[in-house]
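Student: I am new to this structure. Please pick one part and take me through it closely, from one end to the other.

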Amino acid sequence: MDEQNKNIDESWKEAAEKEKEALKKEGKFIPPEPDFSFFVTTLALQASISLGQVPDPGTNKVIEDLLQAKFLIDTLSVLKDKTKGNLNENETKLLDNVLYELRMVYISKSKGEIK
């Protein structure tokens, strides 16, 4: 990393930390630290919403969009393929379990076995 990019990265970290402290002082929501598990869980939640398992948080209505669900499941599958050998045991298990569960629900929904 060249010196300019290093300075930008350090400035970003400092600004983000100051912002968190300000939010904390104001008693406002502080987003969790991003990590791989959080990312996978976020994509899985979006897929669950598209599968109609969880109400859409924006409307509080249950929707079913199997095409969108398939896209998200396929995205998680690509993520699994691209990160193979680079994840710790817990991350690998999480991704495997999430994919298995979402695929089973998708298959059942696409066959009309469950509503």
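Tutor: Serine 108 counts as buried because its relative accessibility is 17% (buried means under 20% relative accessible area, exposed over 50%, partly exposed in between, with a 1.4 Å probe and protein chains only). The model is predicted, so local features need pLDDT of at least 70 and side-chain atom pairs pLDDT 80 or more, while totals for chains, interfaces and linings use all residues. Residues are numbered from 1 along each chain as its sequence is written, and side-chain values use heavy atoms, without hydrogens or water.

Serine 108 belongs to helix α4, which covers residues 89-110 (helices are DSSP runs of H or I with at least four residues, strands runs of E with at least two, numbered from the N terminus). The 22 residues of α4 reach 31 Å from the first C-alpha to the last, close to the 32 Å expected at 1.5 Å a residue (the expected span is 1.5 Å times one less than the number of residues).

Glutamate 89 is exposed at 55%, whereas lysine 93, at 45%, is partly exposed.

Glutamate 91, also in α4, is buried at 17% relative accessibility. Apart from neighbours within four places in sequence, glutamate 91 is in contact with Phe36 and Ser37 (heavy atoms within 4.5 Å). Phe36 is 55 residues away along the chain, yet the two C-alpha atoms are separated by 7.3 Å.

The other buried residues of α4 include Leu95, Val98, Leu99, Leu102 and Val105. As a group, the buried residues of α4 pack against α2 (36-50) and α3 (66-83). Methionine 104 is partly exposed, at 36%.

Lysine 109 makes a salt bridge with glutamate 64, the closest N and O atoms lying 3.1 Å apart. This pair links distant parts of the chain, since glutamate 64 is in the loop between α2 and α3, 45 residues from lysine 109. Lysine 109 is buried at 7%, while glutamate 64 is partly exposed at 46%. After α4 comes glycine 112, with a positive phi near 75°.

How values were computed
A salt bridge is a side-chain nitrogen of Lys or Arg within 4 Å of a carboxyl oxygen of Asp or Glu.
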